[in-house]
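Have the model open and follow along.

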Amino acid sequence: MMELSDVYIVGAGETKFGELWEKSLRELAVEAGLRAIENAGVFSRDVEVLYGSNSLAGIINGQENIGALLSDFSGIAENNIPAIRIEASTASGGAAVRQAYLAIKSGEYDLVMVGGVEKMTDVYGSEILDLTSSVLDREWEAFFGATPAALAAMSARKYMADFNVEKDAMAMISVNDHLNASKNPDAQYKNKIKLEQALSSTPVAEPLNLMDCSPVSDGAAAILVASENYVKKNKLEGVKIVSSADAQDYLAVHSRRSLYTLESARVASRKALERANIKIDDISFAEIHNSYSIYGLMELEDLGFAEKGKAKDLVYDDIKLDGRIPINPSGGLKAKGNPLGATGVGQFVEAYRQIKGKAGERQVKDSKYAMLHNMGGTGSMSVVHVVGGE
Ligand code: COA
């Protein structure tokens with residue numbers, strides 16, 4: 001049987017995340033793509049396929065056919081390579097990287113570009129609430145008034161009641177994100193926040209306040225993924241994607257077995273660790289998908305870092321940059337930002353920089369393996385990757 005190729009990230013780039021009024025969807029995508037190409041030091045003509053990750057451009061910006069848009073405006077349309085949009089709600093980025101991983105592993109391609117982009121601030125606040133609710137079950141959740149925040153709040157209430165957890169524990173996830181983001185030039189919110197500030201911020205959906213919510217963001221991120229052959233031939237120093245796994249759960253939260261178990265995260269994490277042949281304790285740091293602070297606690301548990309109901313024991317010290325298991329060195333979804341289609345690809349940009357020791361002030365010391373968790377909506381899908389290891 002043909003031996004499967006190892007897969008490496010050989011370049012990464014991203015725009016700033018934030019309210020980027022002056023830049024269009026296509027400009028953001030091209031900026032990130034060019035940065036990744038420049039960072040990799042490869043020729044764009046070597047790219048054999050482009051996977052564009054995006055969640056809501058069709059309804060936010062009225063632009064579909066994102067693959068062709070990216071190829072055209074990156075100036076590679078003349079190469080006639082396939083350019084395909086991958087959509088898996090807010091897990092689009094991780095899903096697109098997984099497609100690149102599989103494409104290279106299979107031997108079909110040697111160099112693949114993954115570009116994620118989202119431009120969310122072109123519509124007003126109330127409208128974006130409705131548009132982001134389209135990642136839920138429109139008929140059985142959103143139609144009855146549920147929004148992503150409302151569903152996260154429901155999970156939070158039940159979780160707090162069942163495990164006797166106070167709001168502080170959730171807020172600490174956000175305090176940590178803001179602290180790390182203050183060291184990330186690409187982050188949307190670089191202000192540090194104190195626990196008291198998080199707890200007294202504007203209520204959004206009880207018990208969640210403004211500081212428990214990821215923001216509405218614009219941004220783009222891109223990586224280049226290559227085969228072992230390509231890396232050797234071009235004498236590149238890549239960061240290995242050690243394993244990749246994805247899993248699905250029921251779309252509607254009310255269909256799930258538990259309001260506070262992210263089954264998709266649990267399954268994908270176990271598979272990713274098994275495929276990497278490592279244990280959760282081997283992970284040096286993780287980028288997790290805390291679109292709402294309660295998900296931060298649930299993910300710490302479902303990914304395997306803590307037992308159910310016990311994530312509160314990690315959030316005061318262990319998750320800090322110099323703690324036992326640093327979480328979201330980039331600033332995470334809460335403070336780096338959450339431009340949906342770009343979010344998961346941005347996690348790879350951070351991991352690439354961290355593992356290469358190029359994360360500046362927010363560098364995690366002696367990091368070997370990173371776990372990246374990108375999640376769709378309220379947990380309907382999870383994509384987990386393990387990166388690093390060499
Ligand atoms: N964290 C920190 N600050 C935030 C913020 C957040 N999540 N959201 C907005 N702000 C700030 C803005 O920068 C602005 O600050 P300024 O007055 O200094 O300029 C201020 O709060 C008001 O901003 P505005 O855009 O009017 O806020 P809003 O009330 O319309 O939106 C939320 C707040 C929480 C509703 C919005 O951020 C949101 O919907 N987040 C969730 C996004 C989402 O669901 N993503 C998908 C998950 S599946």
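Twelve of the 15 residues of α7 are buried, so this helix is largely enclosed by the rest of the structure. "Buried" here means under 20% relative accessible area, "exposed" means over 50%, and "partly exposed" is in between (1.4 Å probe, protein chains only). Helices are DSSP runs of H or I with at least four residues, strands are runs of E with at least two, and both are numbered from the N terminus. Keep in mind that this is a predicted model, in which local features need pLDDT of at least 70 and side-chain atom pairs count only at pLDDT 80 or more, while totals for chains, interfaces and linings use all residues. Residues are numbered from 1 along each chain as its sequence is written, and side-chain values use heavy atoms, with hydrogens and water left out.

Back to α7, which covers residues 167-181 and reaches 22 Å from its first C-alpha to its last, close to the expected 21 Å. That expectation is 1.5 Å times one less than the number of residues. Among the buried residues of α7 are Met-170, Ile-173, Asp-177 and His-178. What sits over them? The cover includes α6 (148-163), α8 (195-199), β6 (208-209), α11 (293-302) and α12 (332-336).

Now look at Asn-290, in the loop between β9 (283-287) and α11. Asn-290 is buried, with a relative accessible area of 1%. Not counting residues up to four places away in sequence, Asn-290 touches residues including Ile-173, Asp-177, Tyr-295 and Leu-333; a contact means heavy atoms within 4.5 Å. The Asn-290 side chain also makes a polar contact with the side chain of Asn-328, at 3.0 Å. A polar contact is a pair of N or O atoms within 3.5 Å; within protein, one must be able to donate a hydrogen and the other to accept it, and residues adjacent in sequence count only if both atoms are side-chain atoms.

Another helix to find is α13 (residues 340-355), where 14 of the 16 residues are buried, so α13 too is largely enclosed by the rest of the structure. Its end C-alpha atoms are 24 Å apart, which agrees with the 22 Å that its residues should span. After α13 comes Gly-357, whose phi is positive, near 75°.

Finally, head for the outside. Trp-140 lies in the loop between α5 (125-132) and α6, and is exposed, with a relative accessible area of 53%.
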